Amino acid sequence: MVKKVVIVGAGASGLLFAHYLLHRGDKYQVEIYELRDDPQVLPFSKSRTFPIALNHRGISALTRIEGLETALKACSVKVKGTVVHEARGSQRVVRRKKPLTVLNRKDLTVVLLEQLIRKFDNSRLKIHFNCQCTEVDFANKQAKFQEKDKLFNVDYDLLVGADGVNSIVREQILSTDESFTCKQTIYHNQYKSIFLPSPDAAYKSKFQVGEFHIWRIDDGTTIMLLYQPDETLTGVIYFPSHENQIANLTSTQEVIQFFTETFPIVAPLMPKEEAEAFLLRPISSIKTIRCNRYHYGDSILIIGDAAHAVSPSLGQGCNAALEDVAILDNLLDEYSDNIALVLEQFSVRRRDDAYAVAEMSEVGFPSSKKLMIQFLLRERFQKILHKIFPQRYKPSMMDMLGETTIPYAEIFNSNKAWISSVKKANKQLMVNSD
Ligand SMILES: Cc1cc2nc3c(=O)[nH]c(=O)nc-3n(C[C@H](O)[C@H](O)[C@H](O)COP(=O)(O)OP(=O)(O)OC[C@H]3O[C@@H](n4cnc5c(N)ncnc54)[C@H](O)[C@@H]3O)c2cc1C
């Protein structure tokens with residue numbers, strides 16, 4: 001019998017899961033409901049986008065779908081390393097063995113959407129934008145949606161909550177099932193995106209294409225910028241939520257003054273229009289999510305950020321979300337599309353890894369200057385040891401995360417002592433809500 005799968009959320013994980021299900025022949029019919037407008041028609045400036053770095057975990061899940069590799073190439077850049085710009089003007093370069101593929105969140109969803117629409121017609125795939133899931137009736141297998149003033153119900157055999165960090169599907173499981181637990185932690189940094197025009201030749205000769213460029217000041221405020229395929233610069237500024245300088249900016253003039261005083265190398269690249277837009281852009285908070293499982297019975301599943309959001313400090317959230325989909329596809333093969341078993345096994349197999357990546361993401365970049373220096377020295381030392389004695393010493397934590405597909409739980413276990421010491425130091429900065 002054909003199964004009707006309703007996916008809530010047209011982000012990376014929901015769209016990739018639709019690809020995988022529809023590639024399994026005629027067994028599945030997919031309907032996707034997305035809260036926001038179609039990103040294919042939405043102006044870039046309104047798309048709440050930021051750069052996403054994909055490593056082997058995410059890329060291998062994407063490129064198992066025919067056509068995605070070529071489509072992604074056209075809108076992404078390869079990043080071979082990170083240049084940390086020191087206050088006195090010197091640069092520290094951290095090279096990667098395997099380049100990252102970096103693209104804007106909006107471009108990733110547009111590529112996934114375009115390919116879905118090209119490959120599958122209306123008889124198997126329906127996509128609805130501007131529809132918000134508001135409630136789920138578990139007993140009758142019906143999801144409720146709101147489109148402007150209209151409320152309507154949709155029947156499902158399987159409901160997939162791919163609806164991000166503030167997932168309504170997860171909230172509905174939480175209010176229905178007493179044995180389901182979800183711990184939410186507010187990360188100590190907030191962020192805003194930055195979009196800068198293509199700089200002149202003199203700047204480009206100083207700051208290479210194909211690298212992340214990072215500037216960091218003592219309170220932890222950090223700018224990360226990257227050239228796009230059209231050589232404009234896109235990035236993010238992260239800043240501590242307490243004593244928040246960015247929240248106190250009230251005019252374009254104050255924005256310009258803040259960048260001039262704090263990041264004098266970046267400031268000349270920011271035109272007045274971007275300073276104005278920066279001021280109006282909302283400040284976004286970051287949450288990590290730890291659930292004790294990712295399914296309810298044989299008809300509800302949560303994936304990606306809905307199941308296990310992490311802080312962006314290690315660049316793993318989207319990679320883990322895409323990895324979820326590849327794992328689900330393997331389970332569908334292993335259990336011959338028996339959904340009840342697949343959901344159960346997904347929770348069993350993914351939980352330790354999801355907890356581990358959440359823990360690591362909270363300490364990815366230590367908050368104090370002293371710990372940051374220790375972190376960088378530790379990384380360097382581990383790299384040297386691994387290079388000389390590869391059989392005896394594992395790669396550094398960052399190399400294992402970004403350049404291998406070693407399960408997150410294994411990486412966590414080999415770096416446990418370090419993680420717990422940073423965690424202790426960061427503890428005062430986090431807020432928990434169970
Ligand atoms: C600043 C920043 C930088 C990052 N950098 C990286 C990086 O370099 N590498 C990396 O791997 N990860 C990165 N991440 C994490 C990454 O963005 C997420 O992990 C990833 O987007 C998760 O994908 P998702 O599909 O699970 O959720 P999302 O991308 O959040 O998609 C969820 C979708 O569901 C929709 N939705 C929500 N509620 C409803 C509802 N009630 N009804 C209908 N639709 C709904 C939303 O509109 C959205 O389109 C970064 C995150 C941030 C904030």
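This is a predicted model: local features need pLDDT of at least 70, side-chain atom pairs count only at pLDDT 80 or more; totals for chains, interfaces and linings use all residues.
Six strands make up an open sheet with mixed pairing. Their order is S6-S2-S1-S10-S18-S17. Strand S6 (125-128) and strand S17 (295-296) form the edges, and each of them pairs on one side only. Strand S10 (residues 158-161) runs parallel to strand S1 (residues 3-8), and 4 bridges join the two. Within this pair, Val5 stands opposite Leu158. Val6 in turn faces Leu159 of S10. S10 also pairs with strand S18 (residues 300-302), again in the parallel sense, over 3 bridges. There, Leu159 has Ile300 of S18 as its bridge partner.

The ligand site was examined next. The shell around the ligand counts 31 residues. Those that come nearest are Ser13, Glu34, Ala53, Asp305 and Cys318. Several elements contribute to this shell. Helix H1 (12-22), strand S3 (51-54), strand S7 (132-137) and helix H10 each supply at least two of its residues. The side chain of Ser13 places an N or O atom 2.9 Å from a ligand oxygen. A polar backbone atom of Gly317 is 3.3 Å from an oxygen atom of the ligand. For Asn319, a backbone N or O atom lies 3.0 Å from a ligand oxygen. The ligand taken alone exposes 1000 Å², of which the protein buries 89%.

Helix H2 (residues 56-63) was inspected for burial and capping. Arg57, Gly58, Ile59, Ala61 and Leu62 are buried in this helix. Asn55 caps the N-terminal end of H2. One of its side-chain oxygens lies 3.0 Å from the backbone nitrogen of Arg57. His56 also belongs to H2. Its relative accessibility is 42%, so His56 counts as partly exposed. His56 touches Gly402 and Thr405, when residues up to four places away in sequence are not counted. His56 and Thr405 are 349 residues apart along the chain, yet their C-alpha atoms are separated by 6.9 Å.

Two loop residues were then considered. Asp337 sits in the loop between helix H10 (317-334) and helix H11 (339-363). Its relative accessible area is 12%; the limit for a buried residue is under 20%, so Asp337 is buried. Leaving aside neighbours within four places in sequence, Asp337 is in contact with Arg24, Lys27, Tyr28 and Leu332.

Ile217 occupies the loop between strand S13 (211-216) and strand S14 (222-227). With a relative accessible area of 22%, Ile217 is partly exposed. Its contacts are Gln245, Thr262 and Phe263, not counting residues up to four places away in sequence. Ile217 and Gly317 are 100 residues apart in sequence. Their C-alpha atoms are 25 Å apart in space.

The cysteines complete the description. The structure holds 0 disulfides. Cys75 is in no disulfide, and the nearest cysteine sulfur, that of Cys318, is 13 Å away. Cys75 has 16% relative accessibility and therefore counts as buried. Cys318 is also among the residues that come nearest to the ligand. For Cys182, the closest cysteine sulfur is in Cys291, at 3.8 Å. A disulfide requires sulfur atoms within 2.5 Å, so this pair is too far apart for a bond. Cys182 has 6% relative accessibility and so counts as buried.

Note on methods:
Residues are numbered from 1 along each chain as its sequence is written. Side-chain values use heavy atoms; hydrogens and water are left out. Buried means under 20% relative accessible area, exposed over 50%, partly exposed in between (1.4 Å probe, protein chains only). Contact means heavy atoms within 4.5 Å. Two strands pair if DSSP finds at least two bridges between them. A polar contact is a pair of N or O atoms within 3.5 Å; within protein, one must be able to donate a hydrogen and the other to accept it, and residues adjacent in sequence count only if both atoms are side-chain atoms. A residue is near a molecule or strand if one of its heavy atoms lies within 4 Å of it. Accessible areas come from the Shrake-Rupley method with a 1.4 Å probe; for residues, only the protein chains shown count as cover.
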